[in-house]
Amino acid sequence: MDEREYPEQPLEEVQVRKIGNRKYIVADVEPLDVDGTRTVAVGTLMWLVAFLALLPFYGWLEQHDKTWWLWTCLAGFGLGVIGWDYCRRRRNRHEESDERPPSR
């Protein structure tokens, strides 16, 4: 492989990482501040919707030995509520630690 130069950027200011025989340019951007609360909440609601959507078909699920679909949705919802609470508490602790003045 040939070594590529990037003339549109001054290479002195760009961080380059070498992994194996390849070089990667590291972008100088701040990481996203994602706490996962919204993602877990949406996933939890999707499990609840799936449970409610399957509920009218309980007879069919029972006839075809597929009632585990219903209980899997209910378990996904229950675990999602626990995960949402965990993410929410973690986010609140993180926000509190940012607001406190540094101790001396």
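1. Two strands count as paired if DSSP finds at least two bridges between them; strands themselves are DSSP runs of E, at least two residues long, and helices are runs of H or I of at least four, both numbered from the N terminus. Here, Lys-18 stands opposite Lys-23 in strand 2. Strand 1 (residues 15-19) and strand 2 (residues 22-26) run antiparallel, joined by 5 bridges. They make a hairpin with 2 residues between them, and Gly-20 in that turn has a positive phi of about 65 degrees.

2. A word on the basis: this is a predicted model, where local features need pLDDT of at least 70, side-chain atom pairs count only at pLDDT 80 or more, and totals for chains, interfaces and linings use all residues. Residues are numbered from 1 along each chain as its sequence is written, and side-chain values use heavy atoms, leaving out hydrogens and water.

3. Now the core (buried Ala, Val, Leu, Ile, Met, Phe, Trp, Tyr and Cys residues joined through side-chain atoms within 4.5 Å; buried means under 20% relative accessible area, exposed over 50%, partly exposed in between, with a 1.4 Å probe and protein chains only). The largest one has 5 residues: Phe-51, Leu-54, Leu-61, Leu-70 and Cys-73. Helix 1 (37-54) and helix 3 (67-99) each supply at least two residues of this core.

4. On to the tryptophans. Trp-68 counts as exposed because its relative accessibility is 51%, while Trp-69 is partly exposed at 32%.

5. Last, a charge and a ring: the charged end of Arg-88 sits over the ring of Trp-84, 5.2 Å from its centre (the cut-offs are NZ of Lys or CZ of Arg within 6 Å of the ring centre and within 35 degrees of the ring normal).
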